Amino acid sequence: MEHKGKITDLQSHTGVEVMRCYQCGKCTAGCVLATDMNFPPSYVMRLLQTGTKENYIKILGSNSIWLCLNCENCLGRCPMEIDIPKMMDYLRTQAIKENILHPDSKPIISFHRSFLDSIKYTGRLYELGLIAEFKARTFRVTQDLTIAPAMFLKGKLHLLPEKIKDRMTMKRIFAKTIENVKTENK
Amino acid sequence: MKIGFYPGCSLTGSSREYNESVVAIAKVLDIELTEINDWNCCGATAAHSMNEELSMSLPARIMAMAEKQGLTEVVVPCAACYNRLKVTQHDLKDETKRKRVSEILQLPYDGSIEIINVLQMLEKYGAENIKAKVTQPFAHKVACYYGCLLVRPHSILQFDRVEDPQSMDELIKVVGGTTIDWAFKTECCGGGFSVSRTDLVAKLSGNILEDAADRGAEALIVACPMCQSNLDMRRGAINKVIERPSDIPVIYITQAIGLALGIDAEELGLKRHFVTVEL
Amino acid sequence: MSSEEIFEPKIVAFVCNWCTYAGADLTGTSRLKYATNVKIVRFPCTGRIDFLLLLKSFAQGADGIIVSGCHPNDCHYTSGNFHARRRWIAFRSILDMMGVDVRRVQYSWVSAAEGSKWADLVNNTVADIRALGPYTDYQKVADYLEKEVQDGEA
Amino acid sequence: MSKIGVFICHCGENISATVDVERVAREIGGMEGVAHAIDYKYMCSDPGQTFIKEAVKKYDLDGVVVGACSPRMHEPTFRRACAEAGLNPYLCEMANLREHCSWVHEKGEETTEKAIDLVKMLVEKVKKNKPLESIKVPVTKRALVIGGGIAGIQASLDIANTGHKVILIERDPSIGGHMSQLSETFPTLDCSQCILTPRMVEVAQHPNIKLYTYAELESLEGFIGNFTAKIRLKAKSVNYSTCTGCGACIQKCPVKKIPSEFNAGLGTRTAIYVPFPQAVPNKPVIDRVNCNYYKRGACKICEKTCQVGSIEWDKEDEIISEEVGAVVLATGFDVKGTDFFPEYGYGKYKDVLTGLQFERLASASGPTFGEIRRPSDGAIPKKIVFIACAGSRDPAKGIPYCSKICCMYTAKHAMLYQHKVHDGESTVFYMDIRAGGKNYEEFVRRAIEEDTVNYVRGRVARVYEKNGKLIVKGVDTLLGGEQVEIEADMVVLATAGVANCGSEQLAQKLHVSYDPYHFFAEAHPKLKPVETNTAGIFLAGACQAPKDIPETVGMASGAAVKVAALFSNNELVREPIIAVVNRLAPPLYSTCVGCFMCETACPYNAIEHEEIKARDGSLIRTIARVNSGLCQGCGTCVAFCRSKSIDIQGYTNEQVYAEVMSLLND
């Protein structure tokens, strides 16, 4: 089933022309997490080239888009200069939008959400809060039980969050961007 | 030398020693750092993984604040922040994106500020001038680890060579050290997965440590808090997955230079590391 | 905007036989598409192009003009394109003086191997001239030419 | 009132598919001065030409316009047709309805209207055309061949064997080019030097070939049939007429560590040297950059050892001038180095080689006498990796085009390796295998099936050194992108074939066009592959695009035939597209005021001073006159002439004004 519209959206948002990829595989050859992905980067490109809905959904539902670390080895070496990392960013947001999420995405999304929440109110990262919220979101109560106190002892953790003055702007930024999108989905 | 300064969140928390060492060497080299007023978090990986506009708006505010303050050049020690600011600056050359962001911010932004990393700042300061101030040469054989965010995407950052970069090695040589030619200078350490996927971080950081160790490095030199915390704080997890557990310390370029400048280890925050530093 | 409202400029292209004409041929063999507004007049060399001819074209109601030949150093006749360039620089100020918008003349180099460059040149020029709108005060140029001719006879 | 015939071609469907040709013919038919207008499927075909001829006679036409393809394609055809029908060929013009219209626009109203405009322009021009007589010029029956590789050698021999003189110049101290560096050749695996050296000797001994080695073209003036080539003979510092080529000087030369160009940097040579044992001529030159004497003014050991006193220290470059009628460009190609690939080590790994370097390793005359050994430690590599498309098909870091020869020579390299190192393992990383050619595909299959070369479809992300091994991180895309890591002892990059250094400058000296990659451009991609846009200058071999030996030799022979054909005439007919100064009846004589601006403009010194004398011999006036032999018809003088007294036939002011006006007046 044709699904070209999605590919056009992808191109207009990221500038990635999927048809430029001639499947040399250099991205995959150099990808540090290719072996952990359901589909390595070049395979993702190929799936996109088919332009079918099935394959698009396959990608959104895969862990590939979540495991991509945006280390940009692929982009740095791609003979066609295809911006796969940017494309992965886009596919992640699409996966969230369409709510097609691979289990592996859970801890990663939870971390990102915790991270963003912690800066949303204070303007700066509150690491202790981040860890706490992350644990709450993922029920990984026991994780890093030793590290956190050690960090604290080494003066690497604040007990209280640092707050910036102009928190209005921060609120506005979040309201007009990420939360804006959330409401769209509802 | 006067220059604007954006520490970023990790330098006030988990990577305090980076901040301390930057400030310490700046003092000795009499570089005057002017911190950006009321700066906010750059959003890091979380923002651009979740929402493009957010990922541009947060750094845009930082730079807008700096402009408001009349700064023309800002040094950003954290490689992640450096990367986010540079990339945002590049993306906002696009008129429509720029319009959108400024209506979100409701702050004037003209993208005129020169964003540089610590290595660039020290290069600017001048190898000779640094050499002149060295009191105890940093006589160690080390592996300079650049990671991803300092050098990629090359098309935007235009900093050093995309593979096998040299600028950090040069600085180490300037302060009396020797650097090894190794293979993992720019391979990813696991970046933002430190908490969410510690297993992957252990695997990737493991490869890096092993190669450095095999080639006889006494220490890893870094310029990125994420790399540092992955390689240092996560050493327990790493040592579980690599063949030969390693106790190589992971120190910041600014700490290495600080030692050479005769600054006390305490002041450079060398006591804050998980893997004890005995250099 | 409905089609009849779109302004279709009349553009004449003065090109040399060896580089740009051949380049435009390559555009054809490569099947690259471009606007129909531009018509090519073939010259042996841009060095041959008498810039009074450009004035005459404006006087006759051309909205825009392209002059294109070989890249510097690539001239089939060694130096024709250099002469053309030098004359163009002088001519540009005359145009300016006469109040003709110099942007109406697109001076470029397209080699025999640059088929796609020719297509781009045409499309961009058409877009630019569209933006500038029709060329109206050609009477001015006509008068100037009249005077030129008299001077020539005198 | 003129009687012009207009003939609109469909070009099969190439034109008629987007242009309403019937309508074009109809509308033009109604134009003032048009006596006859038709359209036909193939104007260039025999019946098509017959239509024109018959119409010329029937309607007693005084001008013909053919609306068809580019005049660069068929102008000669139609002018000939007109001539055969008794109409002066220069009263025939072409409107370019294909390349400049039907192929570049969509089907529709405005496309047809543009076509009509284009034809109208030419109709108006033709009305102003004057019958012209073509100019006859003599032909110098001597050819200049630039480049002494297999292309230049083949072209020279073929031309020389038709009985014509050839001057062959070669930049290096010996002819032979890249082919002399190759080990065995695909798909037959016969030894490159064994088949080449006899040809090299033949060139040296051929009575019709004058060979200048260590020589470069300084400049080329003139035109087809009548070129003057200035050639720089670089100082060899050795007198070849006395030198016996004994080689004693080479033995004794103390400067021994210069990287040998012939061995692609893998071996070394001395400062006074012969590039390789089978060199032609087999006599040394002194490399002045590296010679102790030229560097520090002391040494002269070669002079002391030379029995016949052939060393000429003070010899200087010499510039000679040769008259030739045709030129064959055979300057070949070059390969990119290994240093432009960050991910393959910026060229810092000794055991990462180019294909050309591997050829030297595999060659019996190479630095290892044909044994495959690592440059780093001389060990025989047990695991070797070949990376195809290293720089080719790589817009980001290399060149976007396919270098064409790499697939085949990589298969050959792997095969040679397996033949020489029986317990060795070879892997080829490829994207596609391009083995079009007689017995080529069979050759590659043999490498895979019989010589057990491991072909993996995928590119290599990076190569790095670890414990004396080269770690190659590749991928097998046919296994859905499974990563493949190989600990190799040697890596060979099939680096891209690129234009030879200096080819751009050479093209500019010769006024031939070249492509963005500095390969010389052929006149037509299909029908004129060995011609250039400059009459009398032909192409042979890889200077036009990367190609293998059989293709190169074929092309060289093709170029040779073109030259021979040119030399088969004693006179050449040249188009009368030249400038003329108007002449009027006394007392005016001419509107030329004798300012001689034209003289300053002319690149060919074709402007002469003509003195107009009265009966009593007294000088009335001096005006300009054009030497029709020298004038090339660029027309620069016309643009310079303030009094409009000089004009260029075929592109007169009248004609071009007519064209422009027809375009704007409607």
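What share of the contacts in chain B with a separation of 6 or more is accounted for by residues 24 or more positions apart? In this predicted model, such residues account for 80% of those contacts in chain B, and the other descriptions of this chain can be read beside that figure. Chain B holds 14 helices and eight strands, and its C-alpha atoms fill a box of roughly 55 × 45 × 30 Å along the principal axes. Buried residues make up 63% of the 279 residues of the chain. Because a compact globule with 279 residues would have a radius of gyration near 19 Å, the 18 Å of chain B agrees with that expectation.

Chain A is built from helices, with twelve of them and zero strands, so that, by the way helices and strands are assigned as DSSP runs, its elements from the N terminus on read α-α-α-α-α-α-α-α-α-α-α-α. Its C-alpha trace spans about 50 × 35 × 30 Å along the principal axes, and 46% of its 186 residues count as buried. Among the contacts in chain A between residues at least 6 apart in sequence, 66% join residues at least 24 apart. The domain assignment divides chain A into domain 1, covering 4-98, and domain 2, covering 105-185, and the centres of these two domains, taken over C-alpha atoms, are separated by 28 Å.

The next step is to see how chains A and B meet. Their contact takes 42 residues from chain B and 44 residues from chain A. On the side of chain B that touches chain A, the elements giving two or more residues are α1 (9-12), α3 (44-50), α4 (52-68), α6 (95-105) and α11 (198-214) of chain B. Of these, α3(B) gives the most, with seven residues. Sorted by class, this side of chain B has 20 nonpolar, 13 polar and nine charged residues.

Which chains have the most contacts among the four pairs of chains that touch? That pair is chains C and D, where 43 residues of chain C are in contact with 43 residues of chain D. On the side of chain C that touches chain D, two or more residues come from each of α1 (20-29), β2 (38-43), α2 (51-59) and α3 (80-98) of chain C, and α1(C) gives the most, with six residues. The residues on this side of chain C divide into 18 nonpolar, 15 polar and ten charged. Chain C does not touch chain A, the nearest C-alpha atoms of the two being 18 Å apart, nor does chain C touch chain B, where the nearest C-alpha atoms are 20 Å apart.

The helix α1(C) also has a partner within its own chain. It packs against helix α4 (residues 115-132) of chain C at an angle of about 95°, with the two axes 7 Å apart. Angles of 65 to 115 degrees count as roughly perpendicular, and α1(C) and α4(C) are therefore roughly perpendicular to each other. From α1(C), the contact is made by C:Thr20, C:Gly23, C:Ala24, C:Leu26 and C:Thr27, while α4(C) brings C:Gly115, C:Lys117, C:Trp118 and C:Ala119. By class, the contact of these helices has four nonpolar, four polar and one charged residues.

Technical notes. Residues are numbered from 1 along each chain as its sequence is written. Chains are lettered from A and ligands numbered from 1 in the order in which they are written. This is a predicted model: local features need pLDDT of at least 70, side-chain atom pairs count only at pLDDT 80 or more; totals for chains, interfaces and linings use all residues. Helices (H or I, at least four residues) and strands (E, at least two) are DSSP runs, numbered from the N terminus. The radius of gyration is taken over C-alpha atoms; the globule rule is 2.2 Å times the number of residues to the power 0.38. A residue is buried if 20 or more other C-beta atoms lie within 10 Å of its own, exposed if 12 or fewer, and partly exposed in between; C-beta atoms are placed from the backbone. Two residues are in contact if their C-beta atoms, placed from the backbone, lie within 7 Å. Ala, Val, Leu, Ile, Met, Phe, Trp, Tyr, Cys and Pro count as nonpolar, Asp, Glu, Lys and Arg as charged, and the others, Gly among them, as polar. Domain bounds come from an automatic or database domain assignment. Axes are lines fitted to C-alpha atoms, for helices over the stretch in contact, and angles run from 0 to 180 degrees between N-to-C directions. Angles under 35 degrees count as roughly parallel, over 145 as roughly antiparallel, 65 to 115 as roughly perpendicular and the rest as oblique.
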